[in-house]
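Subject: Handover of the two-chain model

Hello,

Here is the structure I promised to pass on. Please open it first, then read my notes below.

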Amino acid sequence: MSMTYQQFVDYATDLKSHSDFIDDGWSLCQYQCPMNENYIKYLVKKKIQKMNKYSLKSDHSDSHTENNIPVVCEYHILYNPSYSCPDVFFNMWSTDGKLLSLEHVWSLVHYFLKENVERDKWNAITQEIHPFFSTPFFRLHPCKNTHVLEMLGFSSKNNYEFNPLIAWLSTISPLIGLEIHLSYGNKDSKVEFT
Amino acid sequence: MDNLPETASAISNEDYSKTSVHETLLRFEPLSSCLDPNFWFKVCQLKLEVDKLDEVHRPLIGYYTSNNNPYMSFDCSSFNQEVNDETSLKCIARGYCLNKNTIDSFKTCDKNELLKEFGGRLLDDFQSGRAIEDPSLIPTFDILMYTDLKRYIFYFWFAFPSFSGPKYCLNDTPTLLKNTFSPTQFDLLAVGFKNLKIHQRGFFGIVSTKEGYLTVMTLKEYIDFLKNNTENDSVGYLVFADPSDLLNNPGWPLRNLLYLILFHCPSIRTLVLKVIALRGSPTTKFSASMLFNIKLSSEMVLNQDAIKFVGWEKNSKGMFCPKYVDLSKTMDSTKQAKTSVDLNLKLMKWRIAPDLNLDIVAQSKCLIIGAGTLGCCVARNLMAWGVHNITFIDNGKVSYSNPVRQSLYRHSHCINSNTYKAIAAADVLREIHPEINSTGVVMSIPMPGHAANIDDHKNVDLLSKLIEDNDVIFLLTDSRESRWLPTMLSTLHNKLAITAALGFESYLVLRHGVEVLDVSSGEKKLGCYFCNDVTAPGNSLVDKTLDQQCTVTRPGVSNIAGALAVELFVSYIQLKYNVLANAKCCLGIVPHSIRGFISDFQQIIPFTPSFFQCIACSPTVINDFLNKKEEFLSNVFTNPNYLEDLTGLTSLKNEFENIQIFEMNDSDVEDSGTYSERV
Ligand SMILES: [Zn+2]
């Protein structure tokens, strides 16, 4: 169950065009690979979000501590040639430029998490060096991504009514504190301008 | 200047109340600063490599958007003076950064004077018309900072300088631009915006024909247009990219823009100015834009000294105070390494073993006796588990045969035979992970039956002290004799000792030292290395050729045994008291010993009981050492049979001459560093 790079670019372009339509802030960037000078496309979204902080307790009960802390969230969706699937890297930092720890990130995204995801979360996130920027980013391990794509019934041979990249992203988005607008799932009922 | 009336400095209370009855005072939403982590990396680099001790006003670029975000953002590209990305939808602002040399000069400099200085620069840009040519000067900013480059602590205070007066009023309730503009007009607006140069996009003007056709023009063109038009209906629209996220309040950049307009077009101050606050992005044709009808003010302060400035940013608690950020975790490479190592370990805990006690592992002080193949391997595995304190004991130097098997050494350590293993190993650990607290002690372990060494008694005390000061003793020397004293002292101090011994293709890893009692009988349960054999250690090195003592083990054996020794230790300390053989902890069982045979790739975990006549751990020996130390030691070191006689082993041996003895054959034991080299 894998996605080719060309498919990834097509789906990413589609995602970006809907993002433009609803002003969601995704942009399609290019990275020039120093080895062969090829350009590699990837999606980027950077957003300042006011987030509520929940303290993470061992019994997973919420306790409300602080409200509306502005947090800068940066998401990169790359194509992973080894796993032939999308690969998400992200970082969060406070407005003074201080990166948040993984525990802190979880305390912020906790609100979005459903019970079942909550239990599984540590299996998915690691901290790794970003392949383009050589700085540490959090990453959802790509082996999970192929798994999610499989669950969504994706196969590179099929043609789809829906965009599998969007389907995948909306599945994993709660884990990384990303909100995916409902209209991505139902792009036919487009929000009309004026 | 001449054409403006002289007025009092601020609107009096009387005036204020008069206007507020009918009209709403226009309030601006302030900007907040938003810094990217890479901004600070650039700050450090510039301070170290370029500015050094100069306190310069360095020009900087800030970015903001009209997307519901009242922030001005800064990253490493803020230090470039050219912005070439015309496709970017950001607006740019130009300002300065002042990096103070000392925390004192940061704290004591007069903040009011500074703001006056910043504001004076802005006023100069306004009066000279530079801000009209380049509107990115309008939403200006200043950063006052002090950077502690040793500790990666940053004190900073942003100012978005603006004029405290005059006051402006809303002519009516602000409305959505959609109520005024047609979709076609929005299209024209978006296209016009994209055609502007990036530094013109924050502030510009629109002129409309009677038919509703819109012309987008630069701020300079629009101001020239305003100067020639005084009719209220024909002045078009003043447009600015609005970072505000409040429906009825425009963002901070408008505050400076209005001042600039009033200054250059005094004739329009009696009019109601139509101001479009661009909100949204060109891709959605700024569909969330607002229209503000603003009554300008006839009050304008002209006496430069009387102009007051505002604009210091509030901190997160809403106070006018500098901010402070400690970035040592991400910027100090040492701390970064520590954080990453810790994260890896925590992930293991979170994922696999929630009850795993990593702190007790990290806090354990580990003594490694013998810095050879096993010692190097054990040290590396301890480090991988997050252990912070490691001490090596060894008296050997690194030799040419060592580096390929002993993972902490390099060829360079061997040259001139000058480097002691204990010292080299401790140094290399710090090279691998700077957070490690590692020490090397060059010392030979006194051995029974070896002609008395002058330092023996002193070394016994030193070793005893080291064992007492550590939490776990790894006994990794290569001969039975050298294991005797550390075994006895570990038992004496009731410390966990883990012995690893190697054969050509076999290994033994064994825990002892700490007293483990049978709950019912109160007897000592777990044996030491010597409990299993009935021969006291004599000078087994004397009669052997070098070959027999040297490296004749399969290379993998020591790596397996070293790794098992560390895993045994980590499992052991998860439990606290009386850890019986094969007791269960969160990681699995804690065996008493592990024996493995590489020839058939088998491993067993036998339990061996303690032996009451043991020459290393029996109460007879311990008591003799405690009661008459000097005499006991002299006897042990000079008389090869003393220990056997003391424990009654001699008579036992005479009784059972044909007893089968398990013992790791010394001739099979590899050179783990120290002791063979004395031959
Ligand atoms: Zn014993």
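Is R279(B) buried or exposed? R279(B) is buried, because its relative accessibility is 8% and the cut-off for burial is under 20%. Keep in mind throughout that this is a predicted model.

**Salt bridges within the chains**

R279(B) has a charged partner. Its side chain meets that of D242(B) in a salt bridge, 2.8 Å from N to O.

In chain A, E128(A) and R139(A) form a salt bridge at 2.6 Å, N to O. This pair also links distant parts of its chain: E128(A) lies in strand β5 and R139(A) in strand β6 (residues 136-140), 11 residues apart. E128(A) counts as partly exposed, at 26% relative accessibility. R139(A) counts as buried, at 10%.

Over all chains, the structure holds 21 salt bridges.

**The interface between chain A and chain B**

On the contact list, 27 residues of chain A touch 32 residues of chain B. The buried area is about 2300 Å². Carbon and sulfur atoms give 60% of that area.

How many salt bridges cross the interface of chain A and chain B? The rule finds 1. D36(B) pairs with K46(A), with the closest N and O atoms 3.2 Å apart. K46(A) and D36(B) also belong to a network of salt bridges that includes E74(A).

Polar contacts between chain A and chain B come to 9 residue pairs, both residues being at pLDDT 80 or more. On the chain A side, these elements each supply at least two residues that touch chain B:

- α1 (5-22) and α2 (102-109)
- β2 (39-54), β3 (64-80), β4 (85-94) and β5 (125-129)

**Chain A as a whole**

Chain A has 5 helices and 6 strands. Along the sequence they run α-β-β-β-β-α-α-β-β-α-α. Of its 194 residues, 47% count as buried. Take the contacts between residues at least 6 apart in sequence: 56% of them join residues at least 24 apart.

**Chain B: domains and a loop**

Chain B divides into domain 1 (24-163), domain 2 (168-305) and domain 3 (338-515 + 523-655). The centres of domain 2 and domain 3 of chain B are 80 Å apart, taken over C-alpha atoms.

A306(B) lies in the loop between β14 (290-295) and β15 (309-312) of chain B. A306(B) is partly exposed, at 24% relative accessibility. From its C-alpha to that of L374(B) is 79 Å, for a separation of 68 residues along the chain.

Helix α16 of chain B covers residues 480-492, 13 residues in total. The helix reaches 19 Å from first C-alpha to last, close to the 18 Å expected at 1.5 Å a residue. α16(B) is mostly covered, with 12 of its 13 residues buried. Among them are R480(B), E481(B), R483(B), W484(B) and T487(B). After the helix comes N494(B), whose phi is positive, near 55°.

T487(B) leads on to another site. Beyond its neighbours within four places in sequence, H512(B) is in contact with several residues, including T487(B), L475(B), K495(B), G527(B) and C528(B). H512(B) is in strand β22 (residues 506-512) of chain B. H512(B) is buried, at 4% relative accessible area. Its side chain makes a polar contact with the side chain of T499(B), at 2.8 Å.

Which residues would I look at next to each other?

Best wishes

Technical notes: Residues are numbered from 1 along each chain as its sequence is written. Chains are lettered from A and ligands numbered from 1 in the order in which they are written. This is a predicted model: local features need pLDDT of at least 70, side-chain atom pairs count only at pLDDT 80 or more; totals for chains, interfaces and linings use all residues. Side-chain values use heavy atoms; hydrogens and water are left out. Helices (H or I, at least four residues) and strands (E, at least two) are DSSP runs, numbered from the N terminus. Buried means under 20% relative accessible area, exposed over 50%, partly exposed in between (1.4 Å probe, protein chains only). A polar contact is a pair of N or O atoms within 3.5 Å; within protein, one must be able to donate a hydrogen and the other to accept it, and residues adjacent in sequence count only if both atoms are side-chain atoms. Contact means heavy atoms within 4.5 Å. Domain bounds come from an automatic or database domain assignment. The expected span of a helix is 1.5 Å times one less than its number of residues. Buried area is the accessible area (1.4 Å probe) that two parts lose on being put together, summed over both. A salt bridge is a side-chain nitrogen of Lys or Arg within 4 Å of a carboxyl oxygen of Asp or Glu.
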